[in-house]
Amino acid sequence: MNSTPVLRKAIKYFAISLSIAVISSCSSDKSKTSDSDDTVTLDSLEINEQLIQDVKTVKEIFYSLPSPLETAMILKQAGAKYNEELLNPVDNVSRYVTNKSMALNLGIYTTDLSYASLFDQTQATINYMNASKKMAEGLGILNAIDEDIVERLEANINNRDVIMDIISETIMNSSSFFEENDRQALSTIVLVGGWVEGLYIATNLVGSDADLENNELVNRIIDQKLTLTTVFNLLNQNQDNEDVKNIITNVNELKAIFDKIEISTSKIEPVTDEETKVTTLKSKTKISMSPKTYSELKDKIKVIRNNYTL
Amino acid sequence: MKKIFQVIIILTLIAFLPFAGKSQCKSFAKKVCKLELSPYIHDGNFNAAILTEGEDAELYKTFYAGQNYRIYICGSDALPEIEFQVLDVNRNVLYDNRKSNYSNLWDFKLEASQQLIISLRVKSGEGESEELISGCVAILFGIKENASE
């Protein structure tokens with residue numbers, strides 16, 4: 001019978017704590033747009049012993065795929081040349097109207113953007129930034145790609161460091177936006193789109209007469225067998241999502257081919273240069289892949305990539 | 001009864017904390033941590049979480065032959081020191097920052113591509129206090145083109 005005052009009191013406490021939480025949440029949104037805070041110090045909480053134990057057993061696990069920028073740098077380092085014909089034409093942007101196609105092509109266009117910019121292709125860099133921006137807008141990624149980003153890009157078009165920084169910031173803003181808004185499935189789809197585009201460019205840059213055993217680009221393509229586990233782990237975290245389910249099917253088809261490639265690695269020995277303080281992880285890798293397997297891999301990547309872009 | 005109300009407050013705050021924390025974490029990583037990667041270029045990937053002292057995290061990533069990498073572990077000032085190790089897939093330790101005075105960065109390159117594990121742990125604060133400190137921890141990767149290019 002005396003439950004009403006208790007209930008009222010409980011509601012009052014709940015309302016107060018809800019208000020505190022909402023205010024805290026809103027203020028962080030403000031800081032997101034203004035980017036004015038330099039440090040983060042979250043309030044400490046006084047919690048009972050059981051909760052302390054629970055918190056201590058929690059473990060965060062991250063799976064990280066190569067970003068579009070890293071993919072482009074790997075390609076260049078491996079001796080890739082620039083070939084604009086391999087990129088997804090920017091005129092295709094109007095084709096992408098679903099969240100899945102926009103997310104895949106945000107990854108694809110950002111990889112094309114990174115690739116073009118690393119080879120100092122100024123007009124293509126601007127065009128692919130515009131295409132990426134359209135995909136981001138379609139996905140509702142407010143503030144991920146600033147309104148003035150293309151102008152900033154044009155103003156610094158001959159300064160590769162600034163351009164790299166703008167691209168890196170664009171990628172980070174997009175991925176963190178998805179994380180902040182609990183849209184991890186889309187974040188994963190963007191990354192997989194970029195990863196497939198990197199494979200597509202790489203496999204098409206390897207000439208038909210190339211020596212598959214002594215080709216750095218081929219080696220980097222084969223290395224993606226190592227990344228495949230990370231791709232699956234990321235996708236499996238969002239396997240309830242229908243769009244992700246379709247992509248898992250595609251990646252399984254790739255896995256079936258990668259499984260035919262054998263990679264064995266010797267024990268890693270870290271050696272640090274005392275002057276530069278840079279450590280080299282010394283190890284040797286043995287790879288076994290038939291030309292037929294490589295051909296199958298190239299064909300499958302083409303089918304999947306065209307399925308994403310056409 | 002007072003305890004019930006306290007529990008309600010704590011649970012509500014815990015429920016909303018991640019939203020505030022994630023946004024703050026991005027700002028923290030962008031404004032504070034990214035600067036420390038120079039002269040390496042940030043790869044653009046965002047790996048950050050709110051961690052509490054004593055809590056650990058792991059990150060799995062393939063690193064590629066021929067690339068120069070910088071790993072930078074960035075924790076908010078309120079947190080105790082962060083221990084981090086780099087392990088191979090068999091969990092052999094390749095780097096341990098406890099041997100480098102808890103340095104929060106490590107520069108390396110690879111002769112052959114490898115999947116590595118970055119394992120980190122926020123040290124527990126000293127004393128028997130029940131007050132746990134939480135803060136943003138970001139794991140950032142910088143990449144650099146070879147100087148020979």
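This is a predicted model: local features need pLDDT of at least 70, side-chain atom pairs count only at pLDDT 80 or more; totals for chains, interfaces and linings use all residues.

Me: What makes Asn215(A) a cap of the N-terminal end of H9(A)?

Reply: A side-chain oxygen of Asn215(A) lies 2.9 Å from the backbone nitrogen of Leu217(A). A polar contact is a pair of N or O atoms within 3.5 Å; within protein, one must be able to donate a hydrogen and the other to accept it, and residues adjacent in sequence count only if both atoms are side-chain atoms. Residues are numbered from 1 along each chain as written, chains are lettered from A and ligands numbered from 1 in the order written, and side-chain values use heavy atoms, without hydrogens and water.

Me: Where is the kink in H9(A) centred?

Reply: On Leu226(A), with a kink of about 45°. The bend at a residue is the angle between axes fitted to the seven residues ending there and the seven starting there.

Me: Why is H9(A) called mostly covered?

Reply: Buried means under 20% relative accessible area, exposed over 50%, partly exposed in between (1.4 Å probe, protein chains only). In H9(A), 15 of the 21 residues are buried. Over chain A, buried residues make up 49% of the 310 residues.

Me: What makes Cys25(B) and Cys136(B) a disulfide?

Reply: The cut-off is a pair of cysteine sulfur atoms within 2.5 Å. The sulfur atoms of Cys25(B) and Cys136(B) are 2.1 Å apart, and they form a disulfide. Cys25(B) lies in helix H1 (residues 2-33) of chain B and Cys136(B) in strand S10 (residues 134-144), so the pair ties together parts that are 111 residues apart in sequence.

Me: Why is the disulfide of Cys25(B) and Cys136(B) called right-handed?

Reply: The torsion about its S-S bond is about 110°, so the disulfide is right-handed.

Me: Are Cys25(B) and Cys136(B) buried or exposed?

Reply: Cys25(B) has a relative accessible area of 2%, so Cys25(B) is buried. Cys136(B), at 0%, is buried too.

Me: How do you know that Cys33(B) and Cys74(B) form a disulfide?

Reply: Their sulfur atoms are 2.2 Å apart, and they form a disulfide. Cys33(B) lies in helix H1 of chain B and Cys74(B) in strand S4 (residues 68-75), so parts 41 residues apart in sequence are tied together. This link is left-handed, with -80° about the S-S bond. Cys33(B) is buried at 0% relative accessible area, and Cys74(B) counts as buried at 4%.

Me: What is the pairing of the bonded cysteines of chain B in sequence order?

Reply: The pairing is 1-4, 2-3. The count comes to 2 disulfides over all chains.

Me: Why is Tyr102(B) called partly exposed?

Reply: Its relative accessible area is 24%, so Tyr102(B) is partly exposed. Tyr102(B) is found in the loop between strand S6 (93-96) and strand S7 (105-110) of chain B. Its phi is near 55°, a positive value in a residue other than glycine.

Key: Helices (H or I, at least four residues) and strands (E, at least two) are DSSP runs, numbered from the N terminus.
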